[in-house]
Amino acid sequence: MDNNNQSNSLTDGTGGLNRRKFIESAGLGILAVTAIGELASCTSSAQNLPSQYPKTMADTIRIKLPPRDAETEQKEAPLPAIVEPQKRIGFAIVGLGSLALGEIMPAFGACKFAKPVALVSGSPDKAGKVAKQYGIAEKNIYNYQNFDQIKNNPEIDAVYIVLPNGMHEEFVIRAAKAGKHVLCEKPMANTSAEARRMIKACKDAGKKLMIAYRIQYEPHNRLAMQWARDKHFGKIKMIDLVNTQNIGEPGQWRLNKKLAGGGSLPDIGLYCLNTARFILGEEPESVMASIYSTPGDVRFKEVEETVQWQMNFPAGAMVSASTSYGVHKSRRYRCYGDNGGWFGLDSAFDYHRLRMEASQAQGKLETRMSPDMGEKNQFAIELDHMAQCIMENKEPYTPGEEGLQDQIIMEAIYESARTGKVVKLERITKTDAFRGQAPKED
Ligand code: NDP
């Protein structure tokens with residue numbers, strides 16, 4: 001696994017505009033900073049790739065148009081460099097629920113290297129309609145019983161598991177056995193034991209396993225990560241994170257322990273946990289947690305309502321996180337530096353309209369900034385990253401091991417809440433210990 005690429009993730013190796021330097025040079029006193037990608041280039045991004053791969057990035061097609069605005073204006077993002085459809089990585093989408101139909105299928109329209117080629121569903125009527133909407137052949141519709149037949153379908157390179165959490169293990173393992181790469185939704189599984197079995201199955205089959213941590217691919221969250229690592233406002237000593245929503249219908253799978261694994265913690269609290277680890281690039285050494293579920297609330301018969309926990313990180317950062325299924329939606333975090341500033345996002349974890357915010361001391365002024373990198377489709381970036389990793393035979397940035405680490409920490413959070421004691425975790429000193437190849441910037 002390549003862990004040395006993190007610091008290069010926002011730099012430009014092609015002679016274009018360096019995004020990190022641009023943000024840094026935007027500097028003091030600017031109230032709204034807008035940063036965009038590097039300048040367009042006519043060159044192929046992967047000309048030297050081996051030609052034996054059936055699907056290849058070597059044929060990335062780039063188009064450059066003449067500039068319209070003066071140099072002083074906000075730079076426009078380059079036109080997308082795209083691989084022609086027959087050379088893109090083909091995905092089978094497993095489970096046609098709200099995420100698959102509301103976000104993932106539409107996101108393929110913004111993908112450059114990935115395309116949908118098959119559907120897996122327990123509802124043939126719905127699958128037939130979705131297949132028509134997206135031009136997917138009827139022969140490429142599967143159900144949960146005949147799923148293993150995907151092994152005979154060469155159009156399917158990878159499978160995207162978008163099922164209830166308690167079904168992830170079974171379908172990741174079946175996909176790996178069918179010889180397909182796997183992208184699996186978060187949380188990876190219900191337990192660390194399941195996560196380990198999923199990693200093993202993919203390794204045994206020689207297939208890639210990526211967990212769909214979209215926040216780690218989203219540009220504003222990546223800028224926050226870079227600012228933390230660069231000590232933009234000094235060393236990060238504190239982070240607080242919140243992810244809450246008021247959940248409805250008591251009969252849904254999210255409130256069923258077997259299908260969900262837990263309540264607010266694995267579903268939405270996981271964003272706080274995973275984002276803190278991502279921002280710092282470190283692993284917590286200990287956790288202390290407490291849980292509360294309103295007595296008599298039928299929604300919380302099997303899973304928890306509210307969790308609050310603290311994590312101590314090796315370089316001294318103290319992280320506090322809160323999640324709940326019982327209060328109004330709020331999805332935000334703030335990182336506090338020891339050198340005149342703080343930064344964070346509010347909203348941090350939504351699909352759209354994320355907003356970065358920062359505050360910096362400037363002599364007699366306290367200056368508020370709202371760095372704006374423009375909106376990118378988070379699901380398209382993540383699908384394209386998986387496709388690129390398959391094409392170039394690289395380890396995904398968020399592989400199974402990244403998901404396993406979250407499962408281990410969530411188990412420690414539950415243990416701490418149960419015992420009322422601090423739970424110590426294995427001391428891990430390596431930076432980005434579980435991450436693979438950093439995603440490429442446009
Ligand atoms: P939904 O309930 O909307 O959809 C789940 C789908 O799974 C169903 O529509 C159904 O599809 C299939 N399914 C198969 N068996 C069952 C079962 N026993 N009970 C319910 N559904 C079943 O869930 P979401 O789309 O919201 O979530 C799916 C996964 O995606 C979860 O792991 C969740 O944590 C994750 N997620 C991730 C998000 C992110 O931002 N990364 C956001 C939201 C969810 P069919 O009818 O086709 O068989």
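Two strands count as paired here if DSSP finds at least two bridges between them. With that in hand, welcome to a predicted model whose protein chain holds 10 helices and 15 strands. Strand E2 (residues 114-120) and E3 meet that cut-off with two bridges, in the parallel sense.

**The chain overall**
- The protein chain has 442 residues, and 54% of them count as buried.
- Take the contacts between residues at least 6 apart in sequence: 72% of them join residues at least 24 apart.

**The six-stranded sheet**
- Six strands make an open sheet with parallel pairing, and their order is E3-E2-E1-E4-E5-E6.
- Strand E3 (141-142) and strand E6 (209-211) stand at the edges with a single partner strand each, so one side of each has no neighbour in the sheet.
- Where E2 pairs with E3, Leu 119 stands opposite Ile 141 in E3.
- Helix H4 (residues 168-177) packs on this sheet and touches strand E1 (89-94), strand E4 (158-161), strand E5 (181-184) and E6. The direction of H4 makes about 160 degrees with that of E5.
- Helix H9 (residues 378-392) also packs on the sheet, touching E1, E2, E4, E5 and E6. For H9, the angle to the direction of E1 is about 125 degrees.

**The nine-stranded sheet**
- Nine strands form an open sheet of mixed pairing, ordered E14-E13-E12-E11-E7-E10-E9-E8-E15.
- At the edges stand strand E14 (365-369) and strand E15 (423-424); each has a single partner strand, so one side of each is left without a neighbour in the sheet.
- Strand E9 (residues 306-312) and strand E10 (residues 318-324) run antiparallel and are joined by seven bridges. Gln 308 has Ser 322 in E10 as its bridge partner.
- E13 and E14 pair in the antiparallel sense as well, over five bridges, and Gln 362 stands opposite Leu 365 in E14.
- E13 and E14 form a hairpin with two residues between them. In the turn, Gly 363 has a positive phi of about 60 degrees.

- Helix H6 (residues 219-230) lies across strand E7 (236-244), strand E11 (330-337), strand E12 (341-346) and strand E13 (356-362). H6 runs at about 160 degrees to E12.
- Helix H10 (residues 400-419) lies across strand E8 (286-292), E9 and E15. The angle between H10 and E8 is about 60 degrees.

**The ligand and its surroundings**
- There are 27 residues around the ligand, and those that come nearest are Ser 121, Tyr 144, Asn 165, Arg 214 and Trp 253.
- In the side chain of Lys 126, an N or O atom is 2.7 Å from a ligand oxygen atom.
- The side chain of Tyr 271 likewise has an N or O atom 2.9 Å from an oxygen atom of the ligand.
- On its own the ligand has 890 Å² of accessible area, and the protein covers 81% of it.

Methods: Residues numbered from 1 in each chain as written. Predicted model: local features only at pLDDT ≥ 70, side-chain atom pairs only at ≥ 80, totals over all residues. Heavy atoms only, no water. Helix = DSSP H or I, 4+ residues; strand = E, 2+ residues; numbered from the N terminus. Contact = heavy atoms within 4.5 Å. Axes fitted to C-alpha atoms, helices over the stretch in contact; angles between N-to-C directions. Buried < 20%, exposed > 50% of the residue type's maximum accessible area, 1.4 Å probe, protein only. Near = heavy atom within 4 Å. Polar contact = N/O pair within 3.5 Å; in protein donor to acceptor, adjacent residues only side chain to side chain. Areas by Shrake-Rupley, 256 points an atom, 1.4 Å probe, with all protein chains shown as cover.
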